[in-house]
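Q: I have a new structure open. Can you walk me through it in short steps?

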Amino acid sequence: MAPAHYTRLVLQERPKGDIDANTFRRETIPFDLKPGSCQVLVRTEYVSIDAAMRSWLRDVRSYIPPVQIGDVMRADGLATVIEAGVDCKLKPGDIVRCTPGWAEYAVLDEKTCQALKVPPGAEPLDFLGPLGITGMTAYFGLHDVGKIKPGDTLVVSGAAGATGSLVCQLAKIHGAKVVAIAGSEDKCKWLTDELGVDVAFNYKSRTFYSDFKKRIGYIDLFFDNVGGSLLNFMLTRLNKGARIVLCGAISDYNSDKPTGLSAYSNLISQRASLQGFIVFDYASRYREARQEMAEWLASGKLKRRFQVVEGLENAPKALLMLYSGGNTGKLVVRVSSPRTQAKL
Ligand SMILES: NC(=O)c1ccc[n+]([C@@H]2O[C@H](COP(=O)([O-])OP(=O)(O)OC[C@H]3O[C@@H](n4cnc5c(N)ncnc54)[C@H](OP(=O)(O)O)[C@@H]3O)[C@@H](O)[C@H]2O)c1
């Protein structure tokens, strides 16, 4: 049954620098949502917390339009269909992957909702992790952009995060030597002991740069989630013909003045390449990737870890965790009932 009121979080003010208490506004408003033809009313169960969300708050040209002031904050999520409008194939009770935003309820066009067919060995929440956009980013970034080969020495930054932790494991499946970079000793231990990377470095260690040079030397492939000074350093570590996959640049997302790259001329001397990509360009191939990822999940070759923050009101705090390294694995916020409860 629909409640009398529901809660949503809207963009109140564009942040300058870090997101703060004024960035979002919580609104509890009378429930007046009704699906039209080919629309569904959904109750949000989980929302995905993604590093790219900070970039959606910037009023600049990008791969996706910015969130407007007063709009519900955009977010992917899992939701249950409560009511389906006329001409809908979805029905009440269906669980869908969709973009409900930071709202307890939403009316969405049916064509933007994907009914979940959960493969054996997986769970619904995996559609926000390895079987969702995060997994597709790791898969296509590593295979299609990075062109990973057996025997490559691959470095992954942001390695203990949602995307990075999957990239590390996919690369091991492909027979690469995997060097992970993360921001704490605990994360490094998880990466080596649980995920099986060959070496993990804490980039916050005072001896990180010299340790890396001594133990690793030069590299064939860099999957970069971080950008900034780490990318600049890796530009000095390239083997001839090395590839850099520019997946993200989280170290610069809160800054109006991104760090410049002084070491870029190594791309010339080493005949190397640096290529950015946006996962949405591979949408027509998600099905094939999802099938392979599901097989690796079922066989135990691919592990995933979810970190669940409780309550929609804590979504802004959760988002901040990504920029301070407060998460390990995929960060999500549980908004409502546990129909799609994670196996943690
Ligand atoms: N190109 C695409 O289509 C695409 C699609 C999805 C995501 N992405 C990108 O992929 C990256 C990862 O996103 P995600 O959602 O999976 O987040 P995530 O990796 O789960 O979380 C972000 C991690 O980044 C690390 N970090 C934060 N600030 C840092 C800094 N200044 N220096 C070094 N590390 C820092 C933190 O870990 P530590 O403790 O290790 O610092 C944090 O846990 C982001 O850059 C995102 O924009 C790109």
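A: Start with the layout. The chain splits into domain 1, made of 5-119 + 305-340, and domain 2, made of 133-280. Keep in mind that this is a predicted model.

Q: Okay. What separates the centres of domain 1 and domain 2?

A: A distance of 29 Å, taken over C-alpha atoms.

Q: And how many residues are in contact between domain 1 and domain 2?

A: Domain 1 brings 19 residues to the contact, and domain 2 brings 15.

Q: What area is buried between domain 1 and domain 2?

A: About 1400 Å². Carbon and sulfur atoms give 56% of that area.

Q: Why give an area at all?

A: Because the size of an interface is often stated as the accessible area lost when the parts come together.

Q: Got it. How many salt bridges are there between domain 1 and domain 2?

A: The count is one.

Q: Which residue forms a salt bridge with arginine 58?

A: Aspartate 256 does. The closest N and O atoms of arginine 58 and aspartate 256 are 3.2 Å apart. That is within the 4 Å cut-off for a salt bridge.

Q: What classes of residue are on the side of domain 1 that touches domain 2?

A: That side of domain 1 has eight charged, six nonpolar and five polar residues.

Q: New topic, the ligand. Which residues are the closest to the ligand?

A: Thr163, Lys187, Tyr203, Tyr253 and Asn327. In total, 26 residues surround the ligand.

Q: Where does lysine 187 come in?

A: A polar side-chain atom of lysine 187 is 2.6 Å from a ligand oxygen atom. For threonine 163, a polar side-chain atom is 2.7 Å from an oxygen of the ligand.

Q: And what about alanine 51, backbone or side chain?

A: Backbone. An N or O atom of the alanine 51 backbone lies 3.2 Å from a ligand oxygen.

Q: Last one. How much of the ligand's accessible area does the protein cover?

A: The protein covers 90% of the 910 Å² that the ligand has on its own.

Technical notes:
Residues are numbered from 1 along each chain as its sequence is written. This is a predicted model: local features need pLDDT of at least 70, side-chain atom pairs count only at pLDDT 80 or more; totals for chains, interfaces and linings use all residues. Side-chain values use heavy atoms; hydrogens and water are left out. Domain bounds come from an automatic or database domain assignment. Contact means heavy atoms within 4.5 Å. Buried area is the accessible area (1.4 Å probe) that two parts lose on being put together, summed over both. A salt bridge is a side-chain nitrogen of Lys or Arg within 4 Å of a carboxyl oxygen of Asp or Glu. Ala, Val, Leu, Ile, Met, Phe, Trp, Tyr, Cys and Pro count as nonpolar, Asp, Glu, Lys and Arg as charged, and the others, Gly among them, as polar. A residue is near a molecule or strand if one of its heavy atoms lies within 4 Å of it. A polar contact is a pair of N or O atoms within 3.5 Å; within protein, one must be able to donate a hydrogen and the other to accept it, and residues adjacent in sequence count only if both atoms are side-chain atoms. Accessible areas come from the Shrake-Rupley method with a 1.4 Å probe; for residues, only the protein chains shown count as cover.
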